[in-house]
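Morning, everyone. Let me put the chain up, and then we'll go through its core and its overall build.

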Amino acid sequence: MEYTYKYPRPAVTADAVIMTKDETPKVLLIQRAFDPYKGRWAFPGGFMEMDETTEECAVRELMEETGIKIEGFLCELGVRSTVDRDPRGRTISVPYLQIIDTAVAAAGTDDAAKAEWFAINELPELAFDHDEIMRDAIEKYNSERRKGE
């Protein structure tokens, strides 16, 4: 069934933040193959399909852009809804965090030119508001690490 509303609706995206348990943790980033931010680094992610949840979207986009398959995530890192966060239009994003033992092979596919692991203390300039998401991910990572000690 299709509905028509007089109110505009935003797009919804999801991002996959994958970090390692290495002594100096690493995070998986993709280099964007297309505008906006072509050539800049970002978390694997993209637009949600109508028949999936945001978590399913993040899992799918991770697989499509890097070839990495995971079953699910440790946690959601909040909802990103700053009005101008995406130059393509009004977009709300839900980032998810997963912590894995060590980096696994990743290849840039779909709309990712490259996929690479970066030490969290040597990050390139990130696209969109992904620097803010990275700060929250590091805070959650450190919190989880303290729980495990």
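Start with the largest nonpolar core, which has 18 residues. Those touching the most other members are I18, L28, L62, I68, I70, F73 and W117. By nonpolar core I mean buried Ala, Val, Leu, Ile, Met, Phe, Trp, Tyr and Cys residues joined through side-chain atoms within 4.5 Å. Buried is under 20% relative accessible area, exposed over 50%, partly exposed in between, with a 1.4 Å probe and protein chains only.

Which elements give two or more residues to this core? They are β1 (11–20), β2 (26–32), α1 (54–66), β6 (91–100) and β7 (112–119). The largest share, four residues, comes from α1. Elements here are DSSP runs numbered from the N terminus: helices are H or I, at least four residues, and strands are E, at least two.

Now L62. Leaving out residues up to four places away in sequence, L62 touches A16, I18, L28, P44, G67, I68 and I70. Contact means heavy atoms within 4.5 Å. Another core lies apart from the largest one; it has 16 residues, including L77, F118, I133 and M134.

A word on the source. This is a predicted model: local features need pLDDT of at least 70, side-chain atom pairs count only at pLDDT 80 or more, and totals for chains, interfaces and linings use all residues. Residues are numbered from 1 along each chain as its sequence is written, and side-chain values use heavy atoms, leaving out hydrogens and water.

Overall build. The chain has two helices and seven strands, in the order β-β-β-β-α-β-β-β-α. Of its 149 residues, 44% are buried. The C-alpha trace spans about 50 × 35 × 25 Å along its principal axes.
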